[in-house]
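Let's take a walk through this protein together. Keep the model open as you read, and follow along one element at a time.

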Amino acid sequence: MQSVAAVMMLLAAFPGSEVAEDEVVACYPTFAARDPGGRTWTLHIHGLICEPQDSSVRRRAALSTLRSIVGVEETGAERERFERRIRHFLCDNERNKSFAVRLGTRRYLVGPSQANGHFDNRLRLSAQEVASFERDDRGWIAYSVALPEGDARQFRGRVQLVEPEGLSIVSDIDDTIKVSDVRDRRELLANTFLREFRAVEGMAPLYEQLAAKGAVFHYVSASPWQLSGPLAEFLDDAGFPAGSLHLKIVRAKDSTIFDLFGPQDGWKRGAIEPVLDAFPNRRFVLIGDTGEEDPEIFGDLARRYPGRIAGVFIRKTKGAANDDERLRRAFRDLDESTWAAFDDPQEIEPALLRVANAGR
């Protein structure tokens, strides 16, 4: 973690940027937490630096493999969509890269990047300094990667300032708010790489109602970080409130195409717990589905964080074991008024709005 003084000393010895002309930087939407006492903020700066490998041979090979697995003859639109979504899988990740980002009128050093190309830094800045940054009406501040003079490219990121108290929604993505068909691997791959992303009907308006009441959002998915761009576009286009993204680190060269969406249990817990720990005085609602392990994971988190989880809501998905016994086991020892399963988002709207209004 970097203090302001340490950052400024580092920048004095590091005036330039290490982002080369053939490298790109993807900056992921994150959050910032106000530290105890309110004098400082800790900003998460997370992203990926890599060198695209736009080899037509590799693209054709990948498309051929996907076509044979999914069993469809893709249209021209599907081929174009695939090319966009596969782009960050065809990258050489860059390790040990450090560079500066601009926040307001100042620059801050981030990095070095790990072997997988990810940089994941925590900037500790004074509340006075953070107050000088421009923000939108929901607390988002923007930053950009500092590039050498004459480099006209733009790599931008954003961080949401989240106050110590309030309501946070931790939401799964696949089959909770986006139609993915996770339990059918062929359909999952087609929905991920070939088709337009489709929102689960009614979820975006419900989430927007909660955001209008002050709730902030953290979106989790077993999808790899290479799909962060398309997923962020989907959230925006479908009308979901902006939120931090929490995806899975996958090195494509170490995985088959089926391995890109593996078991979620250990990974999802590890993605959610740091958010809970960062905001010990906030209330949380967990929203997922029955397609995989969400009931079991969320039930365990509710027991391990007593009094912190204001509600758990589980969407029933097709092809899953939606039996009541499974849900009763998952939510054993929890007050029955704190969890519910639903088919239609309207079924849980009153309960969610009650939770949102309880803290106002």
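Where is D181 found? D181 sits in the loop between β10 and α5 (185-193), where helices (H or I, at least four residues) and strands (E, at least two) are DSSP runs, numbered from the N terminus. D181 is not a glycine, yet it has a positive phi of about 60 degrees. At 13% relative accessibility, D181 counts as buried; buried means under 20% relative accessible area, exposed over 50%, and partly exposed in between (1.4 Å probe, protein chains only).

Before going on, a word on the model: it is predicted, so local features need pLDDT of at least 70 and side-chain atom pairs count only at pLDDT 80 or more, while totals for chains, interfaces and linings use all residues. Residues are numbered from 1 along each chain as its sequence is written, and side-chain values use heavy atoms, with hydrogens and water left out.

Now step back to the whole chain. The protein chain has eleven helices and 15 strands, and 53% of its 360 residues count as buried. Its accessible surface comes to about 16500 Å², of which 47% belongs to carbon and sulfur atoms; these areas come from the Shrake-Rupley method with a 1.4 Å probe, and for residues only the protein chains shown count as cover. Take the contacts (heavy atoms within 4.5 Å) between residues at least 6 apart in sequence: 75% of them join residues at least 24 apart.

Next, find the open sheet. Six strands form it in the order β12-β11-β10-β13-β14-β15, with parallel pairing; two strands pair if DSSP finds at least two bridges between them. β12 (244-248) and β15 (339-342) stand at the edges with a single partner strand each, so one side of each is left without a neighbour in the sheet. From one strand to the next, the twist averages 15 degrees. Within this sheet, β13 and β14 run parallel and are joined by six bridges. If you look for I287, its bridge partner in β14 is F313.

Which helices lie across these strands? Helix α7 (residues 228-237) lies across β11 (216-224) and β12, running at about 140 degrees to β12. Helix α11 lies across β10, β13 and β14, at about 160 degrees to β13. Axes here are lines fitted to C-alpha atoms, for helices over the stretch in contact, and angles run from 0 to 180 degrees between N-to-C directions.

Stay with α11 (residues 349-358), where L352, L353, V355 and A356 are buried. These residues cover an arc of only 155 degrees around the axis, which puts them on the same side of α11; the arc is that of the directions from the helix axis to the C-beta atoms. The buried residues of α11 pack against β10 (167-172), α6 (203-212), β13 (283-289) and β14 (309-315). On the face turned away from the buried side, α11 carries the exposed residues R354 and A358.

N96 counts as exposed, at 55% relative accessibility, whereas D181 counts as buried. In the loop between β6 (106-110) and β7 (118-126) you will find P112, and the peptide bond from G111 to P112 is cis, with omega near -5 degrees.
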